[in-house]
Amino acid sequence: MKRAALAGFAAGAAMVIGGALGAVSRSDPKPVPEINIEIMNPMIGGQAMLPDRDIMDNISASPMHSTLVAALKDTGVAEALKANGLFTVFAPTNAAFAAAGVRSKSAMARRLSYLIVPGRYDSQALLKAINEGGGQARLRTAEGGNLMVRMNGPTNIMVMDERGNIADIAIYDVRDKNGIVHVVDNTLEPGGGQMRQVAIN
């Protein structure tokens, strides 16, 4: 019974992510829809990230993301990241997951969906949204929650979850044929209530 419930949750999470492109509210910033595959991608952990591969193929090649890849496959969320939609993934490293501790499969499926934003938000799209938002911008996730992006110093973008946890983007703009991956140095998770408001300096 429990196993069937978990399988149902994972399938539901994959369906939610797969259909989440229409879930971004009108007040959310608009992602950049196009990609120039001639632009060189950054490497992750010494491995090439190829723009003609899908998100899952590129993340799977990263030695820094084996925990994330295993969790995506285990929860069924991986299938959505091989689909033809456009997604932005804030991808925590193995070290970030180790610091956060082990979670149940159902909690992990929800957390993974929270790391995925429908649409292609490269660093330029994020910077534009932050500037237009007066210093910060809200992104609607596939899980249904919100992430807040804002500047952390003159050149770095930070991402804050609904619990007030903050992650810095360590590697920007890993371009994939179905989206963008940004490597982050901390895990992010949905909260139960409204996102805490943070004053802008």
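Mentor: We will go from the whole chain to a helix pair, and then to the sheet and the helix packed on it.

Mentor: This is a predicted model, in which local features need pLDDT of at least 70 and side-chain atom pairs count only at pLDDT 80 or more, while totals for chains, interfaces and linings use all residues. Residues are numbered from 1 along each chain as its sequence is written, and side-chain values use heavy atoms, with hydrogens and water left out.

Trainee: How many helices and strands does the chain have, and what makes a stretch count as one?

Mentor: The chain has six helices and seven strands. Both are DSSP runs numbered from the N terminus: helices are H or I over at least four residues, and strands are E over at least two. From the N terminus on, the order is α-α-α-β-α-α-β-α-β-β-β-β-β.

Trainee: Why is T75 called buried?

Mentor: Buried means under 20% relative accessible area, exposed means over 50%, and partly exposed lies in between, using a 1.4 Å probe and protein chains only. T75 has a relative accessible area of 2%, so T75 is buried. Across the chain, buried residues make up 48% of the 201 residues.

Trainee: Which residues of helix α3 are buried, and how do you know that they share a side?

Mentor: In α3 (residues 66–75), the buried residues are L68, V69, A71, L72 and T75. They cover an arc of only 165 degrees around the axis, which puts them on the same side of α3. That arc is taken from the directions from the helix axis to the C-beta atoms. After α3 comes G76, with a positive phi near 85 degrees.

Trainee: What makes β3 and β4 a pair?

Mentor: Two strands pair if DSSP finds at least two bridges between them. β3 (residues 136–140) and β4 (residues 146–151) have five bridges in the antiparallel sense, so they pair. R138 has M148 in β4 as its bridge partner. Their hairpin has five residues between the strands, and G144 takes a positive phi near 105 degrees there.

Trainee: Why are β2 and β3 called edge strands?

Mentor: The open sheet has seven strands in the order β2-β1-β7-β6-β5-β4-β3, with mixed pairing. Its edge strands are β2 (116–118) and β3, and each pairs on one side only. Elsewhere, β6 (residues 166–176) and β7 (residues 179–184) pair in the antiparallel sense over five bridges, with two residues between them in their hairpin.

Trainee: How do you know that the buried residues of helix α6 line one face?

Mentor: In α6 (residues 123–132), S123, A125, L126, A129 and I130 are buried. Seen down the axis, they fall within an arc of 160 degrees, so they line one face of the helix. On the other side of α6, Q124, K128, N131 and E132 are exposed. The buried residues of α6 pack against β3, β4, β5 (157–160), β6 and β7.

Note on methods
Contact means heavy atoms within 4.5 Å.
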